[in-house]
Amino acid sequence: MTFEVVAEIDVPHRPDLDPVRRQVADLAPLTDHVLAPDNPTGRAAVSGVAVTAAARATGARVTAVLNARDRNRLGLRRDLLGLVALGVREVLLLRGDPPDDDAEDGPLGVRAMLDEARAFADEHEVALRVGVVAPLGKPLARWKRAADVLWLPPAFSVGAVEQWRSDAQVEVPVRAGVLVPTGPRMADGVARAIPDLELPAGLLDALDDDPDAGVDAACEHVVALRDSGLVDGVHLVAVSRAGETARRLAPLLA
């Protein structure tokens, strides 16, 4: 089984795509497969299709995120057309963070998007891999079993992933989320925000003394996941530490 790292890149909030190109270059020692988010924070950012185009122009492979929050069916098909035209063959469907104004919430849910993406692929005769998120610690919804790839949220517990696999009994590829904490405040914030994310013992104190402690913890967890054989790859969220994480992790996975 090939173990693959898909590294998330940050989307610009200014009309400038140079940061996308720099991030892809920083990640090159580790992977050429990037995840392009889609207005992940619920505030306007450069279009995911534009970000994908910039990443593709560097030679990167891209999995594009599509948020249900921001789309109706016409908008979803528009963006799928653009992504497929750019050579993208994998998408990750998310609900998206709630907008500040409920009136801005889109009419679609992830389940409807999955059905629509399937219909789109059949209509245009393209091999489109569609992924959805499968939360740890919860039964896998029956409709999510129709996805081609399952993405697990960030965690630092191999045991939690093992328990999920035992319960879910799936045969499609699974990618586990791995977060690189950049400081004690950030680490504590995400631990409170993400269900089932338990930080390694002593990490908060270590981050106070060493800004690279989060990189070390993430690299250790990726290697542990690889060695466990439980997942087909990881979804790496390295934020501002992408370059350092790539340089450290690449030789460990060689």
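Helix α8 (residues 213–228) packs against helix α9 (residues 242–253) at an angle of about 30°, with axes 10 Å apart. Axes are lines fitted to C-alpha atoms over the stretch in contact, and angles run from 0 to 180 degrees between N-to-C directions. Helices are DSSP runs (H or I, at least four residues), numbered from the N terminus. α8 and α9 are therefore roughly parallel (angles under 35 degrees). Their crossing is right-handed (the near helix is turned clockwise from the far one by less than a right angle).

This is a predicted model: local features need pLDDT of at least 70, side-chain atom pairs count only at pLDDT 80 or more, and totals for chains, interfaces and linings use all residues. Residues are numbered from 1 along each chain as its sequence is written, and side-chain values use heavy atoms, without hydrogens and water.

Helix α3 (residues 73–85) and helix α4 (residues 110–124) also pack together. The α3–α4 crossing is right-handed.

| Pair | Angle | Axis distance |
|---|---|---|
| α8 and α9 | about 30° | 10 Å |
| α3 and α4 | about 50° | 11 Å |

Contact means heavy atoms within 4.5 Å. In α3, Arg 73, Leu 76, Arg 77, Leu 80, Leu 81 and Val 84 meet residues of α4, including Met 113, Glu 116 and Phe 120. By class, this contact of α3 with α4 has 9 nonpolar, 1 polar and 4 charged residues (Ala, Val, Leu, Ile, Met, Phe, Trp, Tyr, Cys and Pro count as nonpolar, Asp, Glu, Lys and Arg as charged, the others as polar).

Notes:
Helices (H or I, at least four residues) and strands (E, at least two) are DSSP runs, numbered from the N terminus. Angles under 35 degrees count as roughly parallel, over 145 as roughly antiparallel, 65 to 115 as roughly perpendicular and the rest as oblique.
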